[in-house]
Amino acid sequence: QVQLVESGGGLVQPGGSLRLSCAASGSIFSIATMGWYRQAPGKQRELVATSDGSTNYADSVKGRFTISRDNAKNTAYLQMNSLKPEDTAVYYCNARVRVSPSTSYTYWGQGTQVTVSS
């Protein structure tokens, strides 16, 4: 079993910054992809950023958010700058984990709330 634990959410004013962390633990052979998704009230969950050796961003966050990974710690980060009220959502960590050389599963974290408001 693999667990993803997010941290770093909170309340921030427009224009401010937050850094989210996602630590993976458990039966990990390797991690192929880590990413961040978000879900605002009344909306579907959407991709924010992914990292699988290259990075991919939603158009709405390009130039403001940066995803990074520390593979030695099985941890992903999301640095969020110039935050806007429309960035308010629950942010979820996602990881495609190899638990053996031939077996992979996708895991989700429990989510962390980010609220951008004055």
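I began with Tyr105, which counts as partly exposed at 44% relative accessibility; in my notes buried means under 20% relative accessible area, exposed means over 50%, and partly exposed lies in between, with a 1.4 Å probe and protein chains only. The model is predicted, so I kept in mind that local features need pLDDT of at least 70 and side-chain atom pairs pLDDT 80 or more, while totals for chains, interfaces and linings use all residues. Residues are numbered from 1 along each chain as its sequence is written, and side-chain values use heavy atoms, with hydrogens and water left out.

**Aromatic pairs**

I searched the whole structure for aromatic pairs and found two. Rings of Phe, Tyr and Trp (its six-membered ring) pair if their centres lie within 6.5 Å, and planes under 30 degrees apart count as stacked, over 60 as edge-to-face and the rest as tilted. Tyr37 belongs to strand E4 (residues 30-39) and Trp108 to strand E10 (residues 103-108), so the pair links distant parts of the chain, 71 residues apart; strands here are DSSP runs of E, at least two residues long, numbered from the N terminus. Tyr105 and Tyr107 also form an edge-to-face pair, 6.4 Å centre to centre with 70° between the planes. Tyr107 counts as buried at 13% relative accessibility, whereas Trp108 is partly exposed at 38%.

**Charges over rings**

I next looked for charges over rings, meaning NZ of Lys or CZ of Arg within 6 Å of the ring centre and within 35 degrees of the ring normal. The charged end of Arg45 sits over the ring of Trp108, 4.7 Å from its centre, and that of Arg19 sits over the ring of Tyr77, 4.0 Å from its centre.

**Disulfide**

I found one disulfide, defined as a pair of cysteine sulfur atoms within 2.5 Å. Cys22 and Cys93 form it, with their sulfur atoms 2.0 Å apart, and both residues are buried. The torsion about their S-S bond is about -80°, so I noted the disulfide as left-handed.

**Sheet**

Last, I traced an open sheet of four strands, in the order E1-E3-E8-E7 and with antiparallel pairing; two strands pair if DSSP finds at least two bridges between them. Strand E1 (2-7) and strand E7 (65-70) are the edge strands, each pairing on one side only. E7 pairs with strand E8 (residues 75-80) over six bridges, and the bridge partner of Phe65 in E8 is Met80.
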